[in-house]
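Dear colleague,

I am passing on a structure for you to look at, and my notes on it follow below. Please read them with the model open beside you.

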Amino acid sequence: MHHVPDHAFDETRNPWQVVRTEIKYNNPWISVREDQVINPAGGPGIYGVVSMKNKALGIVPVDADGNTWLVGQYRYPLNEYSWEIPMGGGLVEHDILESAQRELREETGMTARRWTNIARLHTSNSVTDEEGFVFLAEELEHGDVEPEETEELRLWKLPLAEAVQMAMDNRITDAISVIGLLKAERTLQARKQNT
């Protein structure tokens with residue numbers, strides 16, 4: 001069954017009422033608050049929200065031959081090794097492009113002359129307000145890697161098409177990486193068709 005959105009519906013109206021809010025946990029990266037709420041049905045309830053102090057930033061670097069670079073690291077919350085696009089955080093008040101340029105340089109040693117913002121996304125919008133952005137980085141130049149001390153990173157150069165296939169096969173499961181790779185491929189294809 002195909003439903004057309006009801007255009008008379010007010011999408012800006014918040015059906016939740018906050019009765020009380022309390023910060024339960026706070027560190028330099030995240031805070032967790034618990035709100036006492038009246039839910040959309042009119043009943044009382046609680047809502048826990050993880051607030052991020054950084055924007056999530058992903059970069060898909062693509063060279064003239066159609067190669068990209070993935071970063072491999074062990075992800076503590078998952079107890080799993082993860083291949084991802086170069087990623088990091090930029091303080092909410094900082095310019096996202098400058099933060100993305102810094103992350104690419106730190107994780108891969110690369111700088112790029114051409115930057116395209118290809119995605120705005122929310123990583124897990126039922127529990128966190130985290131907002132992410134992905135950039136396509138092109139016209140690359142290589143330099144030295146500057147990883148943070150908490151990061152044990154491996155770098156893998158491979159064709160963008162192969163990285164996209166890894167996302168399709170669930171060998172890449174990080175949400176920002178999957179979205180970034182698919183949108184990068186689509187962006188490059190659309191650009192080719194328009195020239």
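A residue is called buried when its relative accessible area is under 20%, exposed when over 50%, and partly exposed in between (1.4 Å probe, protein chains only). T128 is buried by this rule, because its relative accessible area is 9%. Please bear in mind that this is a predicted model, in which local features need pLDDT of at least 70 and side-chain atom pairs count only at pLDDT 80 or more, whereas totals for chains, interfaces and linings use all residues. Residues are numbered from 1 along each chain as its sequence is written, and side-chain values use heavy atoms, with hydrogens and water left out.

T128 sits in the loop between β8 (110-122) and β9 (131-142), where strands (E, at least two residues) and helices (H or I, at least four) are DSSP runs numbered from the N terminus. The side chain of T128 reaches the backbone oxygen of V50 at 2.8 Å. Leaving aside residues up to four places away in sequence, T128 touches V50, M52 and T123, a contact being heavy atoms within 4.5 Å.

G66, in the loop between β4 (54-61) and β5 (67-75), counts as partly exposed because its relative accessibility is 28%. With the same exclusion of residues up to four places away, G66 touches P159 and L160, and its C-alpha atom is separated by 9.9 Å from that of E138, 72 residues apart along the chain.

As for the whole chain, there are three helices and 10 strands, and buried residues make up 35% of the 195 residues.

Best regards

How values were computed:
Polar contact = N/O pair within 3.5 Å; in protein donor to acceptor, adjacent residues only side chain to side chain.
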